[in-house]
Amino acid sequence: MLQVLQSNQYGSFIMQLEGSCYCGAVRFSCDAYAPVPYLRCYCSICRKTGGGGGYAINLGANAGGLKVSGSENITVFHAVIDGEQSPAERRFCNKCGSALWVQDPRWPDLIHPFASAIDTDLPQPPEHIHIMLSARPDWVRIDDNGTEDRFDNYPSESLEDWHRRHNVLSGDQA
Ligand SMILES: [Zn+2]
Ligand SMILES: [Zn+2]
């Protein structure tokens with residue numbers, strides 16, 4: 001899958017993603033500029049609201065291309081981070097609980113779908129980057145043979161920068 005992305009002209013490719021919740025009450029599609037699910041986030045928000053240890057992954061897509069059906073079944077949740085309510089809007093299906101995507105009024109052009117909600121085949125990442133390890137419980141293994149980058153919090157490298165570094169950036173954000 002990665003080779004398919006690399007064969008596209010640099011900066012000219014948007015990957016359209018189709019997504020849905022588990023029960024099917026919510027379906028959506030979006031145009032992803034950062035479709036490679038390379039981030040494994042070990043924070044308590046991902047773990048508890050996404051239901052996993054390091055596998056609830058945010059992708060990057062353009063807010064303008066978002067289409068949603070069943071939006072009446074979506075509820076918005078705001079996490080509390082360091083004692084303050086985060087402006088980030090975490091959307092989930094209020095019928096089955098599936099985490100769908102995050103959007104944030106501070107970055108209105110972007111949405112961040114959870115890879116777990118995407119039905120389209122995503123490119124297999126050439127590496128993982130492990131983030132928010134300060135919140136990892138002991139039972140969650142980091143499966144990387146010690147060779148992949150690990151961060152206690154968030155890396156400074158953006159989704160876009162990672163895709164550019166690996167020559168898999170898609171879309172018109174280049
Ligand atoms: Zn659902
Ligand atoms: Zn997280």
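Which residues are the protein donors of the zinc ion (ligand 1)? They are Cys-21, Cys-23, Cys-93 and Cys-96, each through SG, at 2.3 to 2.4 Å from the ion. Donors here are N, O and S atoms within 2.8 Å of the metal (3.2 Å for Na, K and Ca), and water is not among the atoms, so sites may look incomplete.

Before going on, a word on the source: this is a predicted model, where local features need pLDDT of at least 70 and side-chain atom pairs count only at pLDDT 80 or more, while totals for chains, interfaces and linings use all residues. Residues are numbered from 1 along each chain as its sequence is written, chains are lettered from A and ligands numbered from 1 in the order in which they are written, and side-chain values use heavy atoms, with hydrogens and water left out.

Back to ligand 1. The site of this zinc ion is tetrahedral, with angles of 106 to 114° among its four donor atoms; the term requires four donors with all angles between 85 and 135 degrees. Along the chain the spacing is C-x1-C-x69-C-x2-C. Cys-21 sits in the loop between E1 and strand E2 (27-34), and Cys-96 in the loop between strand E8 (89-93) and strand E9 (99-103), so this pair ties together parts that are 75 residues apart in sequence. Strands are DSSP runs of at least two residues and helices (H or I) of at least four, numbered from the N terminus. Cys-21 is buried at 4% relative accessible area, whereas Cys-96 is partly exposed at 29%. Buried means under 20%, exposed over 50%, and partly exposed in between (1.4 Å probe, protein chains only).

The zinc ion (ligand 2) has Cys-41, Cys-43 and Cys-46 as protein donors, again through SG, at 2.1 to 2.3 Å. Their spacing is C-x1-C-x2-C, and both Cys-43 and Cys-46 are buried.

Next, the serine. Ser-20 belongs to strand E1 (residues 15-20) and is buried, at 11%. Its side chain makes a polar contact of 2.7 Å with that of Asp-119. That term covers N or O atoms within 3.5 Å; within protein, one must be able to donate a hydrogen and the other to accept it, and residues adjacent in sequence count only if both atoms are side-chain atoms.

Last, salt bridges: a side-chain nitrogen of Lys or Arg within 4 Å of a carboxyl oxygen of Asp or Glu. The count is eight. One joins Asp-144 and Arg-150 at 2.6 Å; Asp-144 is buried at 4%, and Arg-150 is partly exposed at 42%.

Key:
Four donors count as tetrahedral if all angles lie between 85 and 135 degrees; four count as square planar and six as octahedral if opposite donors are over 155 degrees apart and all others between 65 and 115; anything else is irregular.
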